[in-house]
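Thanks for coming. I will go through one model, a few places at a time, and give the cut-offs as the terms come up.

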Amino acid sequence: MAVSNQAEDRIPVIVGVGEFSDHPKELTEGLEPLALMIEALKRAEQDSGGKLLGDIDSLDIVNFLSWRYTAPEKQLSEKLGIAPKHAYYGPVGGESPIRYIHEAAKRIARGESQVAAITGAESQGTATKAERAKVDLPWTPFAKDAPEPLRGANYQKPMATKLGVAKPVTVYPFYEAASAAHWGQTPREAHRESGELWSRYAGVAATNPEAWNKKAFTPDEITTPTPDNRLIAWPYTKLMVANPMVNQSAAILVTSLAKARAAGVPEDRIVHIWGGASAEEPPDYLDRDQYVESHAQNAVLKVAMDLVGGSGKNFGAIELYSCFPCVPKMARRTLGLGADVQPTVTGGLTFFGAPLNDYMAHAACAMVRKIRAGTRTGLLYAQGGFVTKHHALVVSKDMPKEAIAQDTNVQADADRNRKPVPAYVTEASGNGTVESFTVIYGRGGEIEHGVVILRTAANERALARVPAQDNATLAFLMDQDKTPVGASGPISTANDGVLEWQKAS
């Protein structure tokens with residue numbers, strides 16, 4: 001295939017990928033994020049077979065949370081001895097590495113850039129251990145004056161924070177329960193699907209040299225609670241959630257086909273960027289119309305499928321973002337793929353490791369290697385926040401038929417499918433119907449309380465607590481053979497003003 005009437009200096013390609021995992025023997029030997037990124041970039045240049053770092057005119061850095069710097073894009077540029085005209089340090093978002101690759105490709109297609117670098121790193125493993133041990137690390141001083149990154153919790157309603165459902169591990173279970181009920185699964189069937197899916201992620205991580213955890217796990221090992229695999233938020237165990245306690249970095253070099261050839265990059269290293277799309281959900285998850293699917297996810301995946309003939313089955317390899325099982329389970333259904341899907345080329349955020357926002361940079365590296373090994377086309381699907389920000393990108397060994405599109409936001413398509421959002425209330429009485437739920441566990445394995453998203457008799461939405469001592473209602477919520485979604489029961493108001501819910505007697 002060839003791009004008609006498209007000059008080679010406007011055809012964006014990935015030419016180099018680099019990764020590094022830091023396992024220091026002593027805490028003070030651990031590398032900070034800046035040093036990790038430099039190592040990944042050097043490896044990406046070496047991987048390309050050309051000399052490109054000195055020609056970087058576009059630099060995107062994925063937001064890191066394990067350490068804070070003042071203007072990290074400037075500090076990294078200085079350490080590399082470059083002065084890129086585009087230098088950007090972006091906001092929090094697990095979709096951001098794929099978005100940055102896509103945006104760099106579009107700049108190259110517009111003739112605004114010739115060599116772009118996308119990189120990110122986290123040193124959360126070392127930083128956390130050092131904090132607990134009260135060890136001072138010989139890193140760039142922590143920039144206390146730099147703004148603290150805004151995360152998903154910053155956009156949620158006060159009651160969500162009060163009830164402990166304003167962080168990913170307690171929000172994603174709402175999508176898990178609601179989607180399973182929508183698909184007609186019992187909780188047991190949904191849990192089995194999650195275990196089998198996660199076991200496939202673990203199997204790939206076990207063969208990935210850069211994975212943090214290289215152990216393969218069976219579905220039962222993943223889903224069965226044990227002292228080492230405690231329940232965190234129903235139905236998720238520790239082996240079903242992202243693992244941020246890692247020290248990992250990744251880098252991707254994107255250039256034009258003309259520049260790649262001029263730099264001596266071998267043809268078998270070149271991977272073409274076909275295009276993709278982005279869209280978002282409302283940042284406050286209580287302002288969404290439902291929890292059985294994501295309209296933004298559906299919209300970006302449709303664009304990706306259209307690029308390969310309209311079917312998800314036409315991808316030779318896929319990476320489905322895997323912070324929690326509900327995300328790839330929804331995505332594979334939108335793609336029209338079966339339960340036996342191979343969902344990753346990387347290993348997943350539980351097993352490969354979750355360097356917070358930067359996982360998909362590693363996924364891009366793994367996908368490039370997969371395509372170089374003979375796969376024709378690959379899908380990189382990323383998301384961030386609380387099923388909030390979505391981006392899909394298609395890459396291929398083949399040159400695209402058409403030039404990469406510049407207008408790639410499909411927000412209007414996502415919004416068009418959104419139904420009316422129920423009003424949110426903090427006062428209610430009468431009966432409430434369960435829209436979704438979770439049960440939050442303490443570190444010792446004890447239940448702290450349950451949380452249900454309710455629809456009131458007036459079809460308004462409310463959050464309600466199920467106290468730890470209400471054993472009957474908690475057992476009803478966690479029944480493996482019958483979902484509580486759709487069940488009604490009385491709403492009351494506790495002494496602290498929080499709504500509470502119990503199963504009908």
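Start with strand E14, residues 461-467: seven of its seven residues are buried, so the strand is largely enclosed by the rest of the structure. Buried here means under 20% relative accessible area, while exposed is over 50% and partly exposed is in between, using a 1.4 Å probe and protein chains only. Strands (E, at least two residues) and helices (H or I, at least four) are DSSP runs, numbered from the N terminus.

This is a predicted model, in which local features need pLDDT of at least 70 and side-chain atom pairs count only at pLDDT 80 or more, while totals for chains, interfaces and linings use all residues. Residues are numbered from 1 along each chain as its sequence is written, and side-chain values use heavy atoms, with hydrogens and water left out.

Back to E14. Arg461, Leu463, Arg465 and Pro467 point one way from the strand, Ala462, Ala464 and Val466 point the other way, and all are buried. E14 pairs with strand E13, residues 447-455, in the antiparallel sense, over seven bridges. Two strands count as paired if DSSP finds at least two bridges between them. Which residue of E14 is the bridge partner of Gly450? That partner is Val466. The hairpin of E13 and E14 has five residues between the strands, and Asn459 there takes a positive phi near 65°.

Next, the cysteines. How many disulfides does a search of the whole structure find? The search finds zero, where a disulfide is a pair of cysteine sulfur atoms within 2.5 Å. For Cys323, the closest cysteine sulfur is in Cys326, 6.7 Å away, which is too far for a bond. Both residues are buried: Cys323 has a relative accessible area of 6%, and Cys326 has 0%.

Last, Lys157. Where does Lys157 sit? Its place is the loop between helix H4 (124-133) and helix H5 (158-162). Is Lys157 buried or exposed? Lys157 is buried, with a relative accessible area of 16%. Its side chain is joined to that of Asp287 by a polar contact of 2.8 Å. A polar contact is a pair of N or O atoms within 3.5 Å; within protein, one must be able to donate a hydrogen and the other to accept it, and residues adjacent in sequence count only if both atoms are side-chain atoms.
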